[in-house]
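Grab a pencil and work through these exercises with the model open beside you. Each one sets a task and then walks through a solution.

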Amino acid sequence: LYKDEFEGKTVLVKERIKKGYRTEQLDEEIRSSRTRHEARLMERAVGSVNVPRILKTEKFRIIMDFIEGRKLKEVLLDMDENEVKKACSEIGSMAAQIHNLGIIHGDLTTSNLIVEKGSGKIFLIDFGLGKFERKVEARAVDLHLLYEALKSTHFDVLDIAWDSVVKSYSKNVDDWNEIESRIEQIKKRRRYK
């Protein structure tokens, strides 16, 4: 990732670099297909959630709007209770919207949410581990990862944050009870005996 200039504006470039341990042909195919796939995920999400606008996709690079701001991970604990509720409600809504589009983010954490300077809008970034899928298991895993991220990094506000995520998410999907049940199953699978 690096900042650059494109058509007179500051942009963010995500470039997949060559891996020396792969054959050249395989490496190019993997980097090219992953770049195209990530761009398709982001383009599908546009209009439903705040994501950086893609300006150009090249073989191994995505050139997109640079979102000036800070990661939610860096600012969540500085927020008052109402701000935490509002931000996490928005996260729940965003997760529901992408899931309704058949998008699994794959790395739904506060490190991949940017609070835009000035507007305060929250942008979802880094779809590099994402995929197109509608299964309950995949959606539950996405949400469970968010829960674990909140628990490990924002434990002081975990209850308020997670409750806000759940309330918002559950209002925006039809099968919340099934997803909630699957999240509980995932939690049990992860416990050591």
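**Exercise 1.** How do the residues of the lining of the largest pocket divide into nonpolar, polar and charged?

*Solution.* First, some ground rules: this is a predicted model, where local features need pLDDT of at least 70 and side-chain atom pairs count only at pLDDT 80 or more, while totals for chains, interfaces and linings use all residues. Residues are numbered from 1 along each chain as its sequence is written, and side-chain values use heavy atoms, leaving out hydrogens and water.

Next, sort the lining: nine residues are nonpolar, three polar and six charged. Here Ala, Val, Leu, Ile, Met, Phe, Trp, Tyr, Cys and Pro count as nonpolar, Asp, Glu, Lys and Arg as charged, and the others, Gly among them, as polar.

Now look at the space itself, about 360 Å³ in the largest pocket. Of its 18 lining residues, Leu-1, Leu-12, Ile-114, Ile-125 and Asp-126 are the closest to the centre. (On a 1 Å grid over the protein atoms alone, a pocket is an open set of points with protein on both sides within 12 Å along at least five of seven lines; a cavity is a set where a 1.4 Å probe fits but cannot get out; lining residues have an atom within 4 Å of a point. Points are joined across faces, edges and corners, and a volume is the space filled by probe spheres set on them.)

Finally, trace the elements: strand S2 (9-15), helix H1 (24-45), strand S4 (61-65) and strand S5 (69-71) each give at least two lining residues, and S5 has the largest share, with three. (Helices, H or I with at least four residues, and strands, E with at least two, are DSSP runs numbered from the N terminus.)

**Exercise 2.** Which helix gives the largest share of the lining of the second largest pocket?

*Solution.* Start with the volume, about 240 Å³. Helix H3 (residues 81-100) supplies four residues, the largest share. By type, the lining has five nonpolar, two polar and three charged residues.

**Exercise 3.** What lines the largest cavity?

*Solution.* The count comes to one cavity of 30 Å³ or more, and the largest holds about 30 Å³ of space. Its lining is Ile-91, Met-94, Ala-95, Ile-98, Leu-108, Leu-113 and Leu-124. These seven are nonpolar, with no polar and no charged residues. H3 gives the most here too, with four residues.

**Exercise 4.** Is Ser-168 buried or exposed?

*Solution.* Find Ser-168 in helix H5 (residues 158-171). Its relative accessible area is 8%, so Ser-168 is buried (under 20% is buried, over 50% exposed, partly exposed in between, with a 1.4 Å probe and protein chains only). Leaving aside neighbours within four places in sequence, Ser-168 is in contact (heavy atoms within 4.5 Å) with Ser-89, Gly-92 and Ser-93.

**Exercise 5.** Which elements do the buried residues of H1 pack against?

*Solution.* Check the helix: H1 has 22 residues and reaches 32 Å from its first C-alpha to its last, close to the 32 Å expected at 1.5 Å a residue (1.5 Å times one less than the number of residues). Pick out buried residues, among them Ile-30, Leu-41 and Met-42. The buried residues of H1 pack against S2, strand S3 (54-57), S4, H3, strand S6 (103-104) and strand S9 (131-132). Just after H1, Gly-47 takes a positive phi of about 95°.
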